[in-house]
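Hi,

Here is the structure I promised to pass on to you. Have it open while you read, and my notes on it follow below.

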Amino acid sequence: MKLMPAVDSAAFQNDILSDSAGELARIGEMAKQFGVTLRTLRFYEDKGLISPLREGATRLYTHRDKARLKLILLGRKVGFSLRDVKLLMDLYDPSGTNIKQLKVALDKSDKQLARLQNQRALLDEAINVLSHSMADIRRTLAERSSVPSSVAN
């Protein structure tokens, strides 16, 4: 472990906190910006999906963490598991063509789209059944409401 004199340490802190374009965010700012809880961010960190810088106990999120969080939330929105999201992000190579990543993303997306379309069909069927049942109940209720009260009991 390399020790820094106090002056160098303070300069290092200022460099971290300023970031190149003021892009660092604390955990509360990240949670608010992305509409997630602090617990969610810590969970994603524990799972290795994001890796904020640490300054003591303070988590500092970089532009990379923000981009990864956007991908995590997008993946979750379309129904990918966190394992799939992590796999796709881990395949990213900033200096490569990322052909393997793109092929895996396309394959997983095709499968997820098929699952979602199947769920939609099942939901449409359930909606139709429920709508018809409600119409039958309304008809029955209207028929029984129009019968004189002495006969209805």
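Tyr-44 counts as buried, at 8% relative accessibility. Buried here means under 20% relative accessible area, exposed means over 50%, and partly exposed is anything in between (1.4 Å probe, protein chains only). Phe-43 is partly exposed, with a relative accessible area of 38%. These two residues form an aromatic pair, with 6.1 Å from centre to centre and 55° between the planes, and the pair is tilted. In general, a pair of aromatic rings is described by the distance of the centres and the angle of the planes. The rule is that rings of Phe, Tyr and Trp (its six-membered ring) pair if their centres lie within 6.5 Å; planes under 30 degrees apart count as stacked, over 60 as edge-to-face and the rest as tilted. A search of the whole structure finds one aromatic pair.

Before you go on, keep in mind that this is a predicted model: local features need pLDDT of at least 70, side-chain atom pairs count only at pLDDT 80 or more, and totals for chains, interfaces and linings use all residues. Residues are numbered from 1 along each chain as its sequence is written, and side-chain values use heavy atoms, with hydrogens and water left out.

Now the overall layout. The protein has seven helices and three strands, and from the N terminus on the elements run α-β-α-α-β-β-α-α-α-α. Helices (H or I, at least four residues) and strands (E, at least two) are DSSP runs, numbered from the N terminus. Of the 153 residues of the protein, 22% count as buried. If you take contacts between residues at least 6 apart in sequence, 47% of them join residues at least 24 apart. Contact means heavy atoms within 4.5 Å.

Next, have a look at how some helices pack. The axes of helix α4 (residues 63-77) and helix α5 (residues 82-90) come within 9 Å and cross at roughly 140°. That makes α4 oblique to α5. Axes are lines fitted to C-alpha atoms, for helices over the stretch in contact, and angles run from 0 to 180 degrees between N-to-C directions. Angles under 35 degrees count as roughly parallel, over 145 as roughly antiparallel, 65 to 115 as roughly perpendicular and the rest as oblique. The crossing of α4 and α5 is right-handed; a crossing gets that name if the near helix is turned clockwise from the far one by less than a right angle, and is left-handed if anticlockwise.

Which residues make this contact? From α4 they are Arg-68, Leu-71, Ile-72, Gly-75 and Arg-76, and from α5 they are Leu-82, Val-85, Met-89 and Asp-90. They divide into five nonpolar, one polar and three charged. Ala, Val, Leu, Ile, Met, Phe, Trp, Tyr, Cys and Pro count as nonpolar, Asp, Glu, Lys and Arg as charged, and the others, Gly among them, as polar.

Helix α4 also packs with helix α2 (residues 27-34), at an angle of about 40° and with the axes 12 Å apart. α2 and α4 are therefore oblique to each other, and their crossing is right-handed. On the α2 side the contact uses Met-30, Gln-33 and Phe-34, and on the α4 side Asp-65, Lys-66, Leu-69, Lys-70 and Leu-73. By class, that gives four nonpolar, one polar and three charged residues.

Not counting residues up to four places away in sequence, Arg-68 touches Gly-48, Leu-49, Ile-50, Met-89 and Asp-90. Arg-68 and Met-89 are 21 residues apart in sequence and 7.5 Å apart in space, C-alpha to C-alpha.

Gln-101 lies in helix α6 and is buried, with a relative accessible area of 16%. Leaving aside its neighbours within four places in sequence, Gln-101 is in contact with Leu-88, Met-89, Leu-91 and Tyr-92.

Asn-98 sits in the loop between α5 and α6 (99-146) and is buried, at a relative accessible area of 14%. Asn-98 has a positive phi of about 60° although it is not a glycine. Most residues other than glycine have a negative phi.

Cheers
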